[in-house]
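Here is a short briefing on one protein chain. It covers the nonpolar cores, then the fold and the overall dimensions.

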Amino acid sequence: MVKKIKLDPIGTQTAIKTNDNLLSGLLKNDLNIAKECGGRGMCSTCHIYVKEGMESLSPMNRREKRTLGVVTTCRMNSRLACQARVIGEGVTVELPAGMYLSQIDDVEELIGRRAQQNILHPISGKVLVEENKLITRSMISQLKDTQGQVSKYLAQTDEIV
Ligand code: FES
């Protein structure tokens with residue numbers, strides 16, 4: 001059995017196997033999802049807003065609740081795409097604006113450029129660099145520090161459920 005999900009604002013519809021997670025549907029559409037934690041429900045890089053059909057998704061588990069609890073852009077309709085399984089029809093999802101720090105291959109290359117979109121923290125979703133802001137050397141060293149902290153966090157909490 002498959003269920004259809006709609007992706008906003010790009011307007012694409014995609015089919016997803018019943019009980020598969022939303023992340024598989026996003027990836028099928030070639031959306032650039034960082035999956036910083038590898039789909040373990042520990043980061044914000046697969047954070048999505050459910051515009052319709054929240055009742056057609058599996059209930060939140062403890063880890064998802066805890067992770068969303070620190071995501072600064074979390075709303076009532078937030079879910080983590082890697083944890084929410086599709087069990088019914090009528091789901092429409094939207095991705096938060098911006099790109100996550102973990103989607104940048106080489107931060108050094110950004111020196112002297114303007115951010116093309118908001119650069120977001122991979123755990124909290126907080127805006128680290130605003131769109132259009134000129135990226136300086138000191139900002140790069142902060143971004144690198146953040147990358148290091150994120151890796152440490154994900155390694156440390158691996159055992160916590
Ligand atoms: S990929 Fe990290 S929480 Fe979903």
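A nonpolar core is a set of buried Ala, Val, Leu, Ile, Met, Phe, Trp, Tyr and Cys residues joined through C-beta atoms within 7 Å. This is a predicted model. Its largest nonpolar core holds 20 residues.

**Largest core**
- Ile-5, Leu-22, Leu-23, Cys-46, Ala-81 and Val-93 touch the most other members of this core.
- At least two core residues come from each of β1 (2-8), α1 (22-28), β3 (47-52) and β5 (91-94).
- The top contributor is α1, with three residues.
- In soluble globular proteins, nonpolar side chains tend to be buried together.

**Contacts of Val-93**
- Neighbours within four places in sequence are left aside here.

- Another core, of six residues, lies apart from the largest one.
- Its members include Leu-101, Leu-120, Val-129 and Leu-143.

**Fold**
- The protein chain has three helices and eight strands.
- Their order along the sequence is β-β-α-β-α-β-β-β-β-β-α.
- Take the contacts between residues at least 6 apart in sequence: 61% of them join residues at least 24 apart.

**Dimensions and burial**
- Along the principal axes, the C-alpha atoms fill a box of roughly 50 × 35 × 25 Å.
- Of the 161 residues, 30% count as buried.

Definitions and conventions:
Residues are numbered from 1 along each chain as its sequence is written. This is a predicted model: local features need pLDDT of at least 70, side-chain atom pairs count only at pLDDT 80 or more; totals for chains, interfaces and linings use all residues. A residue is buried if 20 or more other C-beta atoms lie within 10 Å of its own, exposed if 12 or fewer, and partly exposed in between; C-beta atoms are placed from the backbone. Helices (H or I, at least four residues) and strands (E, at least two) are DSSP runs, numbered from the N terminus. Two residues are in contact if their C-beta atoms, placed from the backbone, lie within 7 Å.
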